[in-house]
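Notebook open, structure on screen. I'm jotting down what I look up as I go.

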Amino acid sequence: MIREDTSNFGLEDVVTRYASQNGHHVSRRFGWDCHGLPVEQETEKLLNLKSRSDIFALGIDKFNEECRSIVMRFASEWEKTVTRLGRWIDFKNDYKTLDPSFMESVWWVFSQLYAKGMVYKGLKVMPVSTGCATTLANFEAGQNYKQVDDPAVMVSFPIRGDPEGASFIAWTTTPWTLPSNLALCVNAEISYVKVKDPVRDKVYIVAQSRLPFMPGAVPKESKSKGKGQDKDGKEGEKAPKAGWQVLSTCLGSELVGLQYEPLFPYFKNHASAFRVLADKYVSDDSGTGVVHQSPGHGEDDYRVCMAHGVIVKGGPLPCPVDLEGRFMSMITDFAGKHVKEADKEIIASVKAMGRLVDASRINHNYPFCWRSDTPLVQLACPAWFVSVEPLKERLLENNKLTYWVPEHVRDKRFHNWLEGARDWCISRSRFWGTPLPIWVSEDGEERVVVGSIAELEQLTGAKITDLHRHFIDHLTIPSRQGKGMLRRVDDVFDCWFESGSMPYAQQHYPFENKQLFESGFPADFVAEGVDQTRGWFYTLMVLATALFDKPAFKNLVCNGLVLASDGKKMSKRLKNYPDPSLVISKYGADALRLYLINSPVVRADNLAFQEPGVFAVVKDVFLPWYNAYRFLVQNVIRLEVEVGTKFKMGAVDLDQASNVLDRWIAASSRNLTQYVRQEMGAYRLYTVVPFLVKFIDNLTNIYVRYNRKRLKGGKGTEDCMYALSSLCAVLINVCKCMAPFTPFLTEHMYQNLRDAIPEAEALPSVHFCDVPPVVPEHPGDARIRLSVARMQAVIELGRKIRERGLKPIKTPLRKLVVVHPDTEFLADIQGELLEYVTSELNVREVECCPDPLKYATLRAEPDFQEAGFVEVAGLGLEASDIKVKRDYCTPEGMNASEVDADSDGDVLAVLDLRVDSELTSAGLAHASVPSSSSEAAPTTSAPTSSATANSSKQQQGNATEAQGAGTSGRAAQSDEGLRALVHVHSQYLQEALGGPLLPASCRPPGAVVLATEWVKVGSEDDGSTLKFTAVLSTPGVTVDQAAVCAGCGGDAQLAEDVAVYMHARDPAKLQAQAASGGGTIKATVDGKAVQLTLGKHVFQSAAAKALQQTSS
């Protein structure tokens, strides 16, 4: 079973879609996190509540019901967005954390932990969000650190009974903790010095290594060289200030037990306080080597003071700050002030006492609340804990049983967090959440932990319909020890406890679906952000280990964070990111999905979101892919009209295909399927998407581009069937592989392509189709893939050489030399691949050379990607050590302007750039093919029709024939040149245009002009210029006027009327009529019947007439 969370950008949707295409059942229930601080904060804003007392004054029942009312306020918008993004999710069968069934399972989880002795109540120093007025778990406290400026003060603590009146100097960045000071702490193994400050006439004790960092301790050389007065008032050099004088040295252990004067009087009567303690956590890498201890405001302070008896279990613990961060009434000088706001007044008060040694500012990393964005404070709070530390070894072992992508997050980040796992504070002093199911006696000694609704009903005698606080807080349970009535504790569960309970609570386990849950646990797959190593992933692991000694999941993919384009966190306040709904509307959900999935986010790295990147997916991936699909559809329609039958892929056996590119694309498709299954099976989406994108690029830029004539039927119907079937099969295969990534585009294509699939195999949706199975490679697959890849490299190198040498592709060149030591590849280039190289590079001859030294010198470079082994001078080198590079050398007898070369590090292409008169003539023929012939026809003409090209020798923009279309008054020569060009290169022009290039006078009256283009070819320098207007038009019926006149018995008027009638006929319908009449067409004009023959009197197009006349 696959289980998915609902909170990240869609990565898990890809995995679960793929899983369902491989026979897995996916539980697609949408889950709503309904409890917690965000909802409470929104409600407080809505009701203008400023503090906890305001909530109590309103009433918990009213407050919670208001929370309930706003929870699902944006549900419809969220559902719309999630659906629009392509998430395949079940909103009708969803679950909510506020459901009694969910909350009951959370109670069950807690009761199991309590029964195992893993729950205790303790007083512990916890990170507290004063903005939310609640404690946080340790992993929450580390989620939002910021660089901030804070006060840094040094304060003196006079030693009682010291003969020299010495004082300890302690350093702190939290002045607000000074009113609660109970002790000082040193390191027993560090050396300390007693020093005298001659300026203040004070004696201090600090760590010896920190003395140079004490303000004024080390004299600084005066920057001024001017004159001053000495102590007698005489002029002279200014005397430098004296530094601190060292009086004695001792170890920290010798200071332990010394007593000092309290700084503030609030806790002056606290027993065993105001003395020096020792602990190894004190270091001398900052501060003074003396740390002030406020056990109510620091974990180490609490631990050290407890260990030395300054505080005792069950005894008083000074912590005069409430959950909102305000001093309580016993701190009379600062009562009611927020601790951070009181810092300045506290520093001023210390200064007024004469105990401020130094005050400065420090820029450091400080934790903030990840919800309210307010600074955290440390407070000793009573709370309920799950004992995690005893589970540490089992947590680490269970972590090894899981598979993570990327793996290093499991082995480093998550492992380290588990290794340092501490007991988990699961209670929160809040209102809207799942209440802790603990009922206690007034003295706290008797406890009852309830594990189900039925149990609570039995214990209280009340009917339970809801488990929120205002429904159960009033319920009491009779004591079994004679202690009266037990009442529920006030706290609710930390929301992370609910999240960690999700695998059980979403199925109401163990009260329902017991077999279903147990058969599918641990979950096959979960996904979330990398920040959840300290959140959801952690709580899942802790609870599953505690309950079942298993991990909660088998496979996990964690993603990085999507940041704003400036690299900062996306912020509604800053408006530093585009509206996602507008991005989806503009580019489509598939483009956004593919952009995110093909980004560093999938490798757990952060992504600075760039909207142009989404557009690039549309431009570089979707448009070429869709154009290949559209080209297939157009030519399938054309073929179906021509042959009169429905196109089906099974009409030809693709395993028997003889064309090299048909075999290549089939081999590449088999390789694609194998790779996708292999990598998706390992959850490596970051390798799959680039491979798929590269495949689509090869499909469009190699297979479709090089096979356009075949796909249009230029080499016969049977060959066209092989080409179209190959393309159709590959596009269906790509749709199935890409369906999890781009669900909308693949579904659109598949709905049309499935008409070509046998009916028994054509499932109603691509998302119901299995991923194509792995097919064993056919003999020669590896060779053909490598050869075509190298051929493409040769073609791209040739294009670069042409561009560098200013030789446009329409200029034919005589020879290309391909240099490579692989004779199999060279044989393929000279054989099946030859036509594609010559056509794409417009060269007459391709020569192959297996000897690289004939055209290049060899050199070695370091390389860290290749594989292999080579021995040089007896020294064995891995190919990961070197890479052989080929540097081109110009052949003897030729200069750089006549021949040029380029290499990709594997194959070398050498191109002869010389041009002669024969090549110039051929180049003119190439240039004579108007660009509109390839651009207009596929988009503006019906796919079942061919376009007709005509030319007329007229000036650009002039509707009349030119007088002197050539240069130097050579109009007649230009006209002759054009006719000669058409005659010599008629075969090429017919292949390029799909028909002959005809004079403009041949265009029939019924033809519709698709495009008109002014064409100029040749060079005015050598007088070879030809200028004409090329017109591309739809086919139109044309007639042989003389033959029609003869067929009309010499009646010229009737012949003209018949011609007008025929010019108005639809060519396709005319052909159908002729076919049904045995080649004859009967027409009645003005009551006179005329019998005409198709191909003699009348023709489907001017091109057909010209071809007929040429053949006869």
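I started with T43, which has 0% relative accessibility and so counts as buried. My cut-offs for that: buried is under 20% relative accessible area, exposed is over 50%, and partly exposed is in between, with a 1.4 Å probe and protein chains only. A note on where this comes from: the model is predicted, so local features need pLDDT of at least 70 and side-chain atom pairs count only at pLDDT 80 or more, while totals for chains, interfaces and linings use all residues. Residues are numbered from 1 along each chain as its sequence is written, and side-chain values use heavy atoms, with hydrogens and water left out.

Where does T43 sit? I found T43 in helix α2, residues 37-47. Helices (H or I, at least four residues) and strands (E, at least two) are DSSP runs, numbered from the N terminus. Leaving out residues up to four places away in sequence, T43 touches F63, E66, C67 and I70; contact means heavy atoms within 4.5 Å. A polar atom of the T43 side chain lies 2.9 Å from the backbone oxygen of V39.

I counted 3 cavities of 30 Å³ or more. A cavity is a set of points on a 1 Å grid over the protein atoms alone where a 1.4 Å probe fits but cannot get out, and lining residues have an atom within 4 Å of a point. Points are joined across faces, edges and corners, and the volume is the space filled by probe spheres set on them. The largest cavity holds about 150 Å³. Its lining has 16 residues, and G36, L37, R428, D494 and C495 are the closest to its centre. By type, the lining divides into 8 nonpolar, 2 polar and 6 charged residues. Here Ala, Val, Leu, Ile, Met, Phe, Trp, Tyr, Cys and Pro are nonpolar, Asp, Glu, Lys and Arg are charged, and the others, Gly among them, are polar.

How many disulfides are there? I got 0, taking a disulfide as a pair of cysteine sulfur atoms within 2.5 Å. C495 is in none, and its nearest cysteine sulfur, that of C34, is 9.9 Å away. C495 is partly exposed at 23% relative accessible area. C185, in contrast, is buried at 0%.

Then I looked at the backbone. Y509 and P510 are joined by a cis peptide bond, omega about 0 degrees, and P510 is in the loop between α15 and α16. The bond from F521 to P522 is cis as well, with omega near 0 degrees; P522 is in the loop between α16 and β27. A133 is not a glycine, yet its phi is positive, about 55 degrees. A133 sits in the loop between β5 and β6 and is buried at 4%.

Last, the whole protein. I noted 36 helices and 46 strands, and buried residues make up 51% of the 1112 residues.

How values were computed:
Polar contact = N/O pair within 3.5 Å; in protein donor to acceptor, adjacent residues only side chain to side chain. 1 Å grid on protein atoms, 1.4 Å probe; cavity = no way out; pocket = protein on both sides within 12 Å on 5 of 7 lines; lining within 4 Å.
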